[in-house]
Amino acid sequence: TPDVLGETLRTQLVPRRDRVTLSEGILKTLADPARRRQIGEEARRRVVTSHSVGSMVRAYESLYNELLS
């Protein structure tokens, strides 16, 4: 879903079954090394902040505390 994507990737969403727009977006990204780097860096930041062991532990602690109260 769009809400789990970072801002950079959200701007690259294409309508379902729109092969032309999808292929244009892929070609545009392949031709732009700075854009690819930006996408990769943003994806890494999101994984580190949202899916690291520490963030998962905090989420479980929060859930556990919520269930106990």
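Let's start at the largest pocket, whose lining counts four nonpolar, five polar and three charged residues. Keep in mind on this tour that you are looking at a predicted model.

**Stop 1: the pocket**

Select T11, Q12, L13, V14, T21, L22, G25, I26, K28, T29, D32 and R35, and you have the lining of the largest pocket on screen. The volume here is about 240 Å³. Which helix gives the most to this lining? That would be α2, with six residues.

**Stop 2: the whole chain**

Now zoom out and switch to a cartoon view. Walking from the N terminus, the order of elements reads α-α-α-α. How much of the protein is buried? Of its 69 residues, 9% are.

**Stop 3: a loop residue**

Pick R17 next. Look for it in the loop that joins α1 (7-10) to α2 (19-30). The backbone is the thing to check here: R17 is not a glycine, yet its phi is positive, at about 65°. Is R17 buried or exposed? R17 counts as exposed because its relative accessible area is 79%, and the cut-off for that label is over 50%.

**Stop 4: a glutamate in α3**

Move on to E42, which sits in helix α3, residues 33-51. With a relative accessibility of 12%, E42 counts as buried, since that label applies under 20%. While you are there, select E7 as well and draw a line between the two C-alpha atoms. E42 and E7 are 35 residues apart along the chain, and their C-alpha atoms are separated by 8.5 Å.

**Stop 5: a nonpolar patch**

For the last stop, select V53, M56, V57, Y60, L63 and L67. Together these residues make a nonpolar surface patch of about 640 Å². Click on L63 for a closer look: this leucine belongs to helix α4, which covers residues 53-68. What label does L63 get for accessibility? L63 is partly exposed, because its relative accessibility is 42%, and that label covers the range between the buried and exposed cut-offs.

Methods:
Residues numbered from 1 in each chain as written. Predicted model: local features only at pLDDT ≥ 70, side-chain atom pairs only at ≥ 80, totals over all residues. Heavy atoms only, no water. Patch = residues over 30% accessible without salt bridge, like charges linked within 9 Å, V, L, I, M, F, W, Y side chains within 5 Å. Areas by Shrake-Rupley, 256 points an atom, 1.4 Å probe, with all protein chains shown as cover. Salt bridge = Lys/Arg side-chain N within 4 Å of Asp/Glu carboxyl O. Helix = DSSP H or I, 4+ residues; strand = E, 2+ residues; numbered from the N terminus. Buried < 20%, exposed > 50% of the residue type's maximum accessible area, 1.4 Å probe, protein only. 1 Å grid on protein atoms, 1.4 Å probe; cavity = no way out; pocket = protein on both sides within 12 Å on 5 of 7 lines; lining within 4 Å. Points joined across faces, edges and corners; volume = space filled by probe spheres on them. Nonpolar A, V, L, I, M, F, W, Y, C, P; charged D, E, K, R; others polar.
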